[in-house]
Protein chains: 2
Amino acid sequence: MAPASKDVFTVHHRVTEADRARANGHRGGILWFTGLSGAGKSTLAIELEKALFGRGYRVYTLDGDNVRQGLSADLGFSPEDRTENIRRIGEVAALFAEAGMIVITAFISPYRADRERIRARHPGYFSEIFINAPLEVCEARDKKGLYRRARAGEVKEFTGVSAPYEAPLAPEVEVRTDLSGVEACLAQLLQYVDRTLRLPAAEGAGLRGPQQAGG
Amino acid sequence: MAPASKDVFTVHHRVTEADRARANGHRGGILWFTGLSGAGKSTLAIELEKALFGRGYRVYTLDGDNVRQGLSADLGFSPEDRTENIRRIGEVAALFAEAGMIVITAFISPYRADRERIRARHPGYFSEIFINAPLEVCEARDKKGLYRRARAGEVKEFTGVSAPYEAPLAPEVEVRTDLSGVEACLAQLLQYVDRTLRLPAAEGAGLRGPQQAGG
């Protein structure tokens, strides 16, 4: 999208992404979780955040809790509002990645076009992580009672019931939470991050747990 | 603002702000720069970012460059759009602060009510930094030629010329860029950050320049 005015001048940051990566021992990036409600996005996001932080990564999670009540508090759940919500999250996630952080986004983000738009805008950062479990498994879990309410017509436009979910065609990682436990899923995600975002020790400061950082 | 739906459940982050502060050696916070075009916001933001990064702080700058072309690309410069732009920046800045970072925001942000709304929503994070130079000084600098164009009527609703600027009533810091040079202004800002956001060495990992972080 073009800026709404030409009266915006590009200012160059003196701290480069390479500087940040060297200091952190890893590059910034977006781990874009997508999947049905109940597939395990929030659980895995929180566990992954904890595990990465413990290994010295700079990491933060964007989820419904910290986005829907703030940045997107003016938006509802219509298709248009969902698209705008996902657009904003994509832009914010890219800012975090530019700031050198690994940002995990935990949103259903049901529309393929919305996700592909973010990938196209931020190709160096974007990794699509499909948190996958069949609808019947997610519905059987129904921790929040949302599927029951959706079937009863109390929740409108609910993904998988009364609104579509468009699965990723070529995600960087697919995690099957119906076939593997949390620990195995987590190991799969950690391996991906280590492989794609971690700097070789020779290039960066190296990663340590925060407890060792006081020396 | 209330969320647009009740179907948002609070998820607790396992990594607490205290954890992040201990690892970083400092708390997260928002350094909200406000002031006329040409007052020196962008220059000081970039210099402060560089200086803080060099001292081991986790810091990032939000400015017109990285916000207006992305998150707020759908917004123009009408009073309503400016207010929405500033609202979004406030929410994003609070996310960065929650992630443990110091975020510098460099926007004119001319309306007092807009700034006070952010302060009220995020009182633990928000510091208002008035980058102050008289209009005639800013207009004489006119690095971007914007004042000239505004006086010629080529730029509409230009703050200080054809749109109001409401100065802070009680900013945490006031920097007079017409009376002090960049180094002196920077020293004033660094002192404020050290005093308010830095953790005592006993509580945090301590701050080091990134070049010493490899040991």
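Start by selecting A:I129 and A:V173: in strand β5 of chain A, A:V173 is the bridge partner of A:I129. Keep in mind as you click around that this is a predicted model.

**Stop 1: strand β4 of chain A**

Now widen the selection to the two strands around that pair. β4(A) and strand β5, residues 173-176 of chain A, are joined by 4 bridges and run parallel. Is β4(A), residues 126-132, mostly enclosed or open to the outside? Of its 7 residues, 5 are buried, so the strand is largely enclosed by the rest of the structure.

**Stop 2: across to β3 and the whole sheet of chain A**

From β1(A), move on to strand β3, residues 102-106 of chain A; 5 bridges join the two, and they run parallel. Pick A:L31 and you will find its bridge partner in β3(A), A:I104.

Chain A has an open sheet of 5 strands in the order β2-β3-β1-β4-β5, with parallel pairing. Which strands sit at the edges? They are β2 (59-63) and β5 of chain A, each pairing on one side only. From one strand to the next, the twist averages 20°.

A reminder while the backbone is on display: strands of a sheet pair through backbone hydrogen bonds, either parallel or antiparallel.

**Stop 3: helices over the sheet of chain A**

Show residues 79-98 of chain A as a cartoon. This is helix α4, which lies across β1, β2 and β3 of chain A and runs at about 160° to β3(A). Then select α8(A), residues 182-196. That helix lies across β3 and β5 of chain A, running at about 170° to β5(A).

**Stop 4: where α2 meets α8**

- From α2(A): A:T43, A:L44, A:E47, A:L48, A:A51 and A:L52.
- From α8(A), which these residues meet: A:V182, A:C185, A:L186, A:L189, A:L190 and A:V193.

Colour them by residue class. The residues of this contact divide into 10 nonpolar, 1 polar and 1 charged.

**Stop 5: over to chain B**

In chain B, 5 strands form an open sheet in the order β2-β3-β1-β4-β5, and the pairing is parallel. The edge strands here are β2 (59-63) and β5 (173-176) of chain B, each pairing on one side only. Neighbouring strands of this sheet are turned by 20° against each other on average, direction ignored.

Zoom in on β1 (residues 29-34) and β3 (residues 102-106) of chain B, which pair in the parallel sense over 5 bridges. What is the bridge partner of B:G29 in β3(B)? Select B:I102 and you have the partner of B:G29.

Finish with two helices of chain B. Helix α4, residues 79-98, lies across β1, β2 and β3 of chain B, at about 160° to β3(B). Helix α8, residues 182-196, lies across β3, β4 (126-132) and β5 of chain B, running at about 165° to β5(B).

How values were computed. Residues numbered from 1 in each chain as written. Chains lettered and ligands numbered in written order. Predicted model: local features only at pLDDT ≥ 70, side-chain atom pairs only at ≥ 80, totals over all residues. Pairing = 2+ DSSP bridges. Axes fitted to C-alpha atoms, helices over the stretch in contact; angles between N-to-C directions. Contact = placed C-beta atoms within 7 Å. Nonpolar A, V, L, I, M, F, W, Y, C, P; charged D, E, K, R; others polar. Buried ≥ 20, exposed ≤ 12 C-beta atoms within 10 Å, placed from the backbone.
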